[in-house]
Each structure stands twice: as C-alpha cells, then as structure tokens.
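Biologist: I would like to understand the terms used for this model. Could you take me through them?

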Amino acid sequence: MIFSILIYGSPTNSLSVESAYRFTKTALAAGHTIHRVFFYGESVYAASSLSVTPRDEVDCFQAWKELAETHDLDVVICIAAALKRGVLDPPEAKRHEKLAYNLAPPFSLSGLGQLTDAALTSDRLITFGSA
C-alpha cells in the first residue's frame, strides 16, 4: 500500500509528530511505501535544525532526518506555514533578507500542490493532529 502522511500538530505541544514518525517507521518495516510526508501548520517546527530537545524526549528533527535519509523519503514542509513561523531554507532566508536559516536537507519547502499530489498518488492519506 502507498501512504502519504500529513502532520498538523506541534512537536512540542502534541504527540502528532512523534506518532506520525512511529506510524511511518512501522509502515516501512511492514513493506509499505511512503510517497510523501507533508508537515503543515505547527508541525513545521519539527524541521528546524536549531531546536534543542531535552535528553529524555524524542528529538523529532533528528528522528525524521534519519528516517528520511535511510528510506529516501520525500519530507516536505509547507512553505507558507514555515515562513510564517521562521522556518527558512537558505534561498528563502536570502530572499527575505534574514541572517540565518534553520531548514536543512532532507527537508524541503514546497506548496500545497505537493499535498494534493500526495493525496492523488497514494492509496491512503493519513493525518496526524488537527487543523
């Protein structure tokens, strides 16, 4: 089965990002395909390379980064949600004249068209969190 994952919840105030990670990891281990993981709303903070996670908590950035690199996953961050929350890649930081960026590969910025494509391409779109 081909899944795409849509995540809404904050990595610090909900379990949405961590639950989506565990689902994705389990689905891959069971032989399913993940077409795309789309971070929207507050979940975009999970892609910030500058967040520091307490040692007794799951480091969402590192966990998703390693999973995406290991399985060559397409992990997309909604550009509108990201810019609004200060999650920038190098080109966007330059375009908006910011001094730094905090989004690094394998995460990439893109629009809602990628979410539409994910829904059309996948057998199931699984959502974590609420809008």
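Modeller: Gladly! Let us start with the pocket: α1 and α2 each supply at least two residues of the lining of the largest pocket. Helices here are DSSP runs of H or I with at least four residues, and strands are E runs of at least two, numbered from the N terminus. This is a predicted model, where local features need pLDDT of at least 70, side-chain atom pairs count only at pLDDT 80 or more, and totals for chains, interfaces and linings use all residues. Residues are numbered from 1 along each chain as its sequence is written, and side-chain values use heavy atoms, leaving out hydrogens and water.

Biologist: Why are α1 and α2 called roughly parallel to each other?

Modeller: Their axes cross at roughly 25° and come within 11 Å. Angles under 35 degrees count as roughly parallel, over 145 as roughly antiparallel, 65 to 115 as roughly perpendicular and the rest as oblique, so α1 and α2 are roughly parallel.

Biologist: What makes the contact between them?

Modeller: On α1 the residues include V17, A20 and Y21, and on α2 they include C60, A63 and W64; contact means heavy atoms within 4.5 Å.

Biologist: Which residues are closest to the centre of the largest pocket?

Modeller: P11, T12, E57, V58 and C60, out of 18 lining residues.

Notes: Axes are lines fitted to C-alpha atoms, for helices over the stretch in contact, and angles run from 0 to 180 degrees between N-to-C directions. On a 1 Å grid over the protein atoms alone, a cavity is a set of points where a 1.4 Å probe fits but cannot get out, and a pocket is an open set with protein on both sides within 12 Å along at least five of seven lines; lining residues have an atom within 4 Å of a point.
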